[in-house]
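Hello,

Here is the structure I promised to pass on. My notes follow below it.

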Amino acid sequence: MTGLTRGSARPNQWLRNLNAKIASIPMILTAVVIFVGGTAWTVVYSFTNSKLLPRLAFVGFDQYERLWAAPRWLVSIQNLAVFGCLSLVFSLVIGFVLAALMDQKIRFENTFRTIMLYPFALSFIVTGLVWQWLLNPQYGIQSIVRSLGWTTFSFDPLYNSNIVIYGILIAALWQGTGLVMCLMLAGLRGIDEDIWKAARVDGIPMWKTYVMIIIPMMRGVFITTLVIIASGIVKVYDLVVAQTSGGPGIASEVPAKYVYDYMFQAQNLGQGFAASTMMLVTVAIIIVPWAYLEFGGGRKRG
Amino acid sequence: MKLRFLAAALGATAALPFGAASATDLEVTHWWTSGGEAAAVAELAKAFDATGNKWVDGAIAGSGGTARPIMISRITGGDPMAATQFNHGRQAEELVQAGLMRDLTDIATKENWKEVVKPSSLLDSCTIEGKIYCAPVNIHSWQWLWLSNAAFKQAGVEVPKNWDEFVAAAPALEKAGIVPLAVGGQPWQAAGAFDVLMVAIAGKENFEKVFAQKDEEVAAGPEIAKVFKAADDARRMSKGTNVQDWNQATNMVITGKAGGQIMGDWAQGEFQLAGQKAGVDYTCLPGLGVNEVISTGGDAFYFPLLEDEEKSKAQEVLASTLLKPETQVAFNLKKGSLPVRGDVDLAAANDCMKKGLDILAKGNVIQGTDQLLSADSQKQKEDLFSEFFANHSMTPEDAQKRFADIIAAAD
């Protein structure tokens, strides 16, 4: 044996970076057992009639039939769709506009940035409670405006079934846009000064530079932000609990709350599992094609 | 996560020597956190401490809906408390079937619970396959209408004597800027109010047909349609309540901001704490003044199976303490509920409690819906009625149809 000279005997692909691979075994196991295993377990038990305790008595699609016949679930899905679309659009737009304004080399940028980011440091429960008070007609915005003289002013989204989801949206945006702004700002700072100079020399107006040049260049940042916002939307739960606990009536229910309530309050695990499986399916329908385009199908972008 | 676990483990080892030195500590979890409730549970703690043991209070705020999942996950997760409150009936049924709860039959026979607990349906609800698994502590009945005398005075109308008079008085109350009927936003409140209307308007027989025999034809029939008509009135009268918790709604009645509230007799503890007197400051109408029937649901303590022998012994002491006549009187006076023993003297009881005791003595009782329906059906009912009370465009007919479906699917 003259020893393994580099290139002569190609080492087994599986043995490359062996140390790193061994080191990652615990994490791989955790991921497989906890995430994949837990998910599979949930899906299997969603076809049973488990009540308080899980048991393997299969009932086919009964739980799903009941789920899709339940008015509360349908309301939850609608709410999630409205809340999801609007919060996605608004937090991206507001976050980007704030970041662009912040990027104009203004004074006290640090202070502003801190103020904008502060809400993000609060938990959803605290955010929810703060906005519950602000939107309460007896103590909050409505009463302040009325005390200033506009006595017919009415602003009570949390007590109006038709618009309650927007009340929750306001709180979510207040909490979340600061983070989006920071991510965007980081992206903007990553753009080369020379590009701005070149655009200026060519006489391209500033808004056009942003839309046509800067935003396409920030693709990576946008995708990161999108994933963060989207995952926040699907799991929205505590904000609703703190602000309205699903009310008035069932007008502001969301899927995650349905899952929790039916698993634990109604002691009907099967129903809760069916609902959470539906949530997983929804997410998968959105994520899988996107991930395929983004990561699969060859590397189109450099 | 790991750090927290470590801290918990350290904490546990540090606490151990103290526990061994003094009498046995028992952690008792419950969801009695409003003013009147906390005062009542302090009586239980006092009585148990007097036996030389120590009551470690594990109050969980946020009413039963929040507390029960926490309790259940602790029991099923292998970290049981020594005793825990449930509404007796079907809430703990599966825990018992899974063998996680302790059989109390021995103590019950020794202390003759079968003789002293009245009405006997209370103990029946604790009994699963011939064994007794819980110690009932009080009887709570839902079927009460609490009225604020001050509110009616302000509106210039007589304090109503029954539901129909109350509905008739509603416009006058509204004119005076008073919400006629306070219904808090928590879902169980709307569902509970409906059950009360059901027994008051459709009567005991129909109530039992629907909830005990799950007869969907009756549930869809004309008698129950009347109940939905009344619920429609209640919905109109509750407009503008804008509070969540039941005790906030009760507080509206106490302060005269609302005319009345349909709530169980636990509301009475709040009136007492506010220094109000039955008959003078507030009026109570059992069975809404129409049908004087009360349900005999209530609270009970369940004892998870523990390995620690000393703790198991202390559990027995606690179980027998809870049913002692003195404890029963002290606790129930503060709580505003009725004692589970027929042989205790409640001379100190106020007007409303006496009305309740009278009805109990006459035997005009029904089982509560917690005892008759599974938690699952109860939750579906809550969803339906919280939607119905909030959404004025939902017709009583639609609601009744959905109600009949829930009853048909109930087990």
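Which strands of chain B does helix H15 (residues 309-323) lie across? H15 of chain B lies across S1, S3, S6 and strand S12 (299-302) of chain B. H15 runs at about 55 degrees to S1(B). Axes are lines fitted to C-alpha atoms, for helices over the stretch in contact, with angles from 0 to 180 degrees between N-to-C directions. Contact means C-beta atoms, placed from the backbone, within 7 Å. Helices (H or I, at least four residues) and strands (E, at least two) are DSSP runs, numbered from the N terminus.

Two points on conventions. This is a predicted model: local features need pLDDT of at least 70, side-chain atom pairs count only at pLDDT 80 or more, and totals for chains, interfaces and linings use all residues. Residues are numbered from 1 along each chain as its sequence is written, while chains are lettered from A and ligands numbered from 1 in the order written.

The sheet: 5 strands of chain B, open, mixed pairing, order S2-S1-S3-S12-S6. Pairing requires at least two DSSP bridges between two strands. S2 (54-59) and S6 (134-136) of chain B are the edge strands. S1 (residues 25-30) and S3 (residues 83-87) of chain B run parallel, joined by 2 bridges. B:Thr29 has B:Thr84 as its bridge partner in S3(B). Helix H2 (residues 35-49) of chain B lies across S1 and S2 of chain B, at about 155 degrees to S2(B).

The contact between chains: 19 residues come from chain B and 20 residues from chain A. On the side of chain B that touches chain A, H19(B) gives the most, with 8 residues.

Best wishes

Technical notes: Two residues are in contact if their C-beta atoms, placed from the backbone, lie within 7 Å.
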